[in-house]
Amino acid sequence: NASFKYFSDAGLTQLINSPYTNTNSGSLLVYVQVSSVGFCPTVGTLNIKIKVPTKSSTLLDKYYICYGDTVIVDAGTENVKFDWSDGTQTANGVHSFTQAGNYSVTLTNAEGCSYVHSFVISDENQPKISQINQTNDQIEVIASGGSGNYMYSFDGGYSWQNSNIYANPTAPEYTIQVRSVLANGGYCLGPKKSIYSVTMSNVIT
């Protein structure tokens, strides 16, 4: 039985230990010393072509989405093929998303070497309507999530107010929406919720 030792230099002084991990692309010349009982040792060479993935310089681990928005994820120009976890394949590395969730993209470079990048599109900046309290005199909205700096709309986002109470409701239906005021001065919208206003008359005489 023959035994093999691997070296990175022709003088056989720099032993390559097993297992060996290489992270550099290009060619690697390895010197192999082959020994067998009854035979003189001999040396051969291996010219190994090493392929490594090309990491994107633009991808993030987390993105944020507000209600009604579209998030554009740019995977950069370092690779030539992009397979997204929603089944889409793009050639330019740009893909849009309209829903929060966990996603990934498989990036393949010109040498056919691939790697997977996972990312999250989070709706944590969106305020949520957690409770609505209705009486004949008012509609009260309880919100949660987002930045906590809320504004309220009772007409589907056409007008806004700081108060979470709408007094003297008379319309048969209201579309309620809450938005958070962001640190940069912008807004993050939450999902809409429609309610019906029912007036309860006192019929006891």
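# Close-up views of a predicted model

**View 1. Strands β2 and β3 run side by side.** Strand β2 (residues 26–36) pairs with β3 in the antiparallel sense, over 10 bridges. The model shown here is predicted. Within this pairing, Leu28 stands opposite Ile48 in β3. The two strands belong to an open sheet of 3 strands. The order of that sheet is β1-β2-β3, and the pairing is antiparallel. Its edge strands are β1 (2–7) and β3 (39–50). Each of these edge strands pairs on one side only. On average, neighbouring strands of the sheet are turned by 25° against each other, direction ignored.

**View 2. A nonpolar patch lies on the surface.** Four side chains are in focus: Phe4, Tyr6, Leu46 and Ile48. Together they have about 350 Å² of accessible area. Strands β1 and β3 each give two or more residues to the nonpolar patch. One member, Tyr6, lies in strand β1. Tyr6 is partly exposed, with a relative accessible area of 34%. Another member, Ile48, is the residue that Leu28 stands opposite in View 1.

**View 3. A second open sheet holds 5 strands.** The strand order is β4-β10-β9-β6-β7. The pairing in this sheet is mixed. Strands β4 and β7 (89–90) stand at the edges. Each has a single partner strand, so one side of each is left without a neighbour in the sheet. Further in, strand β6 (residues 81–84) and strand β9 (residues 101–108) are joined by 4 bridges. These two strands run antiparallel. Here Trp84 stands opposite Val105 in β9.

**View 4. Glu124 and Lys62 meet in a salt bridge.** The structure holds 3 salt bridges. Side chains of opposite charge can pair when their charged atoms come close. In this pair, the N to O distance is 2.8 Å. The salt bridge between Glu124 and Lys62 links distant parts of the chain, 62 residues apart. Glu124 sits in the loop between β10 (114–122) and β11 (128–134).

View 5. Asp83 counts as partly exposed at 24% relative accessibility. Asp123 has 31% relative accessibility and counts as partly exposed. Lys128, at 29%, is partly exposed as well.

**View 6. Val181 lies in strand β15 (residues 173–181).** Which residues does Val181 touch, leaving aside its neighbours within four places in sequence? The contacts are Ser147, Asn149, Met151, Gly186 and Tyr187. Tyr150 is also of interest in this view. The C-alpha atoms of Val181 and Tyr150 are separated by 6.4 Å. Along the chain, these two residues are 31 residues apart. Val181 is partly exposed, with a relative accessible area of 26%.

**View 7. Leu12 and Asn168 have positive phi values.** Most residues other than glycine have a negative phi. Leu12 is not a glycine, yet its phi is near 60°. Its place is in the loop between β1 and β2. Leu12 counts as partly exposed, at 23% relative accessibility. Asn168 is not a glycine either, and has a positive phi of about 55°. Where is Asn168 found? It is in the loop between β14 (165–167) and β15. At 54% relative accessibility, Asn168 counts as exposed.

Terms used: Residues are numbered from 1 along each chain as its sequence is written. This is a predicted model: local features need pLDDT of at least 70, side-chain atom pairs count only at pLDDT 80 or more; totals for chains, interfaces and linings use all residues. Side-chain values use heavy atoms; hydrogens and water are left out. Buried means under 20% relative accessible area, exposed over 50%, partly exposed in between (1.4 Å probe, protein chains only). Two strands pair if DSSP finds at least two bridges between them. Axes are lines fitted to C-alpha atoms, for helices over the stretch in contact, and angles run from 0 to 180 degrees between N-to-C directions. Patches are made of residues with over 30% relative accessible area and no salt bridge: like charges are joined within 9 Å, nonpolar side chains (Val, Leu, Ile, Met, Phe, Trp, Tyr) within 5 Å. Accessible areas come from the Shrake-Rupley method with a 1.4 Å probe; for residues, only the protein chains shown count as cover. Contact means heavy atoms within 4.5 Å.
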